Amino acid sequence: MSSLRNLLRTIALVGTSAALIAPTAVAHAEPSPADLTRRIETSSAELERVVESYNKLTEEITTNKTAAARLQARIGPLEQQAEQSRADVAALANTAYKSGELRTADALLRPGGSTALLDRLGAIDQLTRQRQERISGFTASQKRLLDEKRRLDATLTRQAAQARQLATAKKQIERDLAKLYELRRQAYGAPTERPAPAAATEAGNVPAIAGAAGTAVRYAYGALGKPYVWAADGPNGYDCSGLTSAAWRAAGKSLPHNTRMQWGAVAHIGRGDLRPGDLIFYSGLGHVALYVGDNQVIDAPSAGRNVLKRGMNMMPIQGYGRVR
């Protein structure tokens, strides 16, 4: 989680994209469309880093909640088994007493005398020890599970606090983007991209690819023109890792909704081994795209833009991955 703390510290110290829109004392001319675009792209990159950290935290919280539920399901039966063993031991001792097996005088008057008594006491003692061992075993297992549950609860509490911090940072950047989008509206007439006519044409030209990879590629083509939406994985909008996880989910494969976690889940391959359906990861693992062949990818670029098909070399590449 240190990366999250560093990210939040950077946002707090630098002011993230807010500094990008702050007026300067020496500025006189209105910003050019190119300058506005640069500012929007810089702010969008900041937002994407926060969103991917948010996505990672969400994935971890979901995993921990599932683990906590499984632990709780195991703790319940152990408690019942331990309680039953205690009841068995108590019943055993009670039965032995009521039947006279533990009354020394009575036992001495019976055939076998003291020898029979000792035998019966030994048998009872052995049974009691066995029961007690079972109780101890259940209690030890229960304690381990309860300790693990407490650790998970502490982790969930800590992660929930971090999620609130990330949400605060995200809202600040979104406010900054809203100001920049207003400047873009003034410059271009619209705060965000309109779906390009080419998107519909591209969607009708899906390459014929067999298997699960073909399903993922077809899904990505079907998403063309849909808007970038932070932390979304469809069907009406996507962020970068949301699109790749949704595409492969349609193909029956589960990928975490986070670029860095996806990098850890795929088999790493070389550029020369690329085939449609593979994932391309970009520098810093801050962005991911789905390769569709002919040096082209489909990705959800950044806030204010739409899912599009473009050249795979649009930014420095970190590596390539194949979904297993």
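Reader: Is tyrosine 238 buried or exposed?

Author: Good place to start, and please keep in mind that this is a predicted model. The relative accessibility of tyrosine 238 is 1%. Buried means under 20%, so tyrosine 238 counts as buried.

Reader: Which kind of aromatic pair do tyrosine 219 and tyrosine 238 form?

Author: Let's look at the two rings together. Their centres are 6.2 Å apart, and their planes stand at 85°. Planes over 60 degrees apart count as edge-to-face, so the pair of tyrosine 219 and tyrosine 238 is edge-to-face.

Reader: Where in the chain do tyrosine 219 and tyrosine 238 lie, and how many residues apart are they?

Author: Tyrosine 219 belongs to helix H7, while tyrosine 238 sits in the loop between H7 and H8.

Reader: Is tryptophan 230 buried, partly exposed or exposed?

Author: Its relative accessible area is 27%. Buried would need under 20% and exposed over 50%, so tryptophan 230 is partly exposed.

Reader: What is the strand order in the open sheet?

Author: The sheet has six strands with antiparallel pairing. Strand S1 (267–269) and strand S5 (308–311) are the edge strands, as each pairs on one side only. On average, neighbouring strands are turned by 40° against each other, direction ignored. The order is S1-S6-S2-S3-S4-S5.

Reader: Which residue in S4 is the bridge partner of leucine 290?

Author: Strand S3 (residues 288–293) and strand S4 (residues 296–299) pair in the antiparallel sense over three bridges. Tyrosine 291 stands opposite valine 297 in S4. For leucine 290, the bridge partner is isoleucine 298.

Reader: Which residue in the turn between S3 and S4 has a positive phi?

Author: These strands form a hairpin with two residues between them. The positive phi in that turn is about 55°, and it belongs to aspartate 294.

Reader: How many residues of S3 are buried?

Author: Helix H7 (residues 211–222) packs on the sheet and touches S3, S4 and S5. Helix H8 (residues 240–250) lies across strand S2 (279–282), S3 and S4, running at about 50° to S3. S3 is mostly covered, and the number buried is six of its six residues.

Reader: Which residue's backbone oxygen lies 2.9 Å from a polar atom of the side chain of glutamine 262?

Author: Glutamine 262 lies in helix H9 (residues 259–265) and is buried, with a relative accessible area of 0%. Leaving out residues up to four places away in sequence, glutamine 262 touches several residues, including Ser241, Leu279, Phe281 and Val288. The backbone oxygen at 2.9 Å is that of proline 256.

How values were computed: Residues numbered from 1 in each chain as written. Predicted model: local features only at pLDDT ≥ 70, side-chain atom pairs only at ≥ 80, totals over all residues. Heavy atoms only, no water. Pairing = 2+ DSSP bridges. Helix = DSSP H or I, 4+ residues; strand = E, 2+ residues; numbered from the N terminus. Axes fitted to C-alpha atoms, helices over the stretch in contact; angles between N-to-C directions. Contact = heavy atoms within 4.5 Å. Buried < 20%, exposed > 50% of the residue type's maximum accessible area, 1.4 Å probe, protein only. Phe/Tyr/Trp six-rings, centres within 6.5 Å; stacked < 30°, edge-to-face > 60°. Polar contact = N/O pair within 3.5 Å; in protein donor to acceptor, adjacent residues only side chain to side chain.
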